[in-house]
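I opened the file to look up side-chain pairings and packing. My notes are below the entry.

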Amino acid sequence: MKKIELILQNKVYAIAIYFILICVIYSQTKNFDFTLDDDLITSSIDTKINNASDLLDIFKERYNRVEYRPIAVLSFGIEYLVLGELNPSVSHVVNFILFFL
């Protein structure tokens, strides 16, 4: 029984250390702007997302007519629907949370 408790305790410590390292390494990204292909996605979100049902349309098309990355586009779409705008800081914090999950 003590071995199981020790193993579980070690897993909790490992997850805590993992989370702390992620926080330290990626915390500065909240101050960064959109980069690379983010502009391709964000430029099309403004005209497509007006209500919650529009989020389902994200799964029907490719964002630049070549690549199909619905989860990335969905995260931007939800942010736009909730906040009414796209904010790089918010996007980076959401990506940070998704990365940890």
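Basis. I worked on a predicted model, where local features need pLDDT of at least 70, side-chain atom pairs count only at pLDDT 80 or more, and totals for chains, interfaces and linings use all residues. Residues are numbered from 1 along each chain as its sequence is written, and side-chain values use heavy atoms, without hydrogens and water.

I took helices as DSSP runs of H or I, at least four residues, numbered from the N terminus. Beyond neighbours within four places in sequence, Leu 74 is in contact (heavy atoms within 4.5 Å) with Leu 55, Ile 58 and Phe 59.

Aromatic pair. I counted one aromatic pair (ring centres within 6.5 Å; planes under 30 degrees apart are stacked, over 60 edge-to-face, the rest tilted; for Trp the six-membered ring is used). Phe 34 lies in the loop between α1 (2-26) and α2 (38-48), and Phe 76 in α4 (residues 70-83), 42 residues apart. Both are buried (under 20% relative accessible area; exposed is over 50%, partly exposed in between; 1.4 Å probe, protein chains only).

Salt bridge. I found one (a Lys or Arg side-chain nitrogen within 4 Å of an Asp or Glu carboxyl oxygen). It joins Asp 57 and Lys 60 at 3.4 Å, N to O. Asp 57 is partly exposed at 32%, and Lys 60 is exposed at 68%.

Definitions and conventions:
Helix = DSSP H or I, 4+ residues; strand = E, 2+ residues; numbered from the N terminus.
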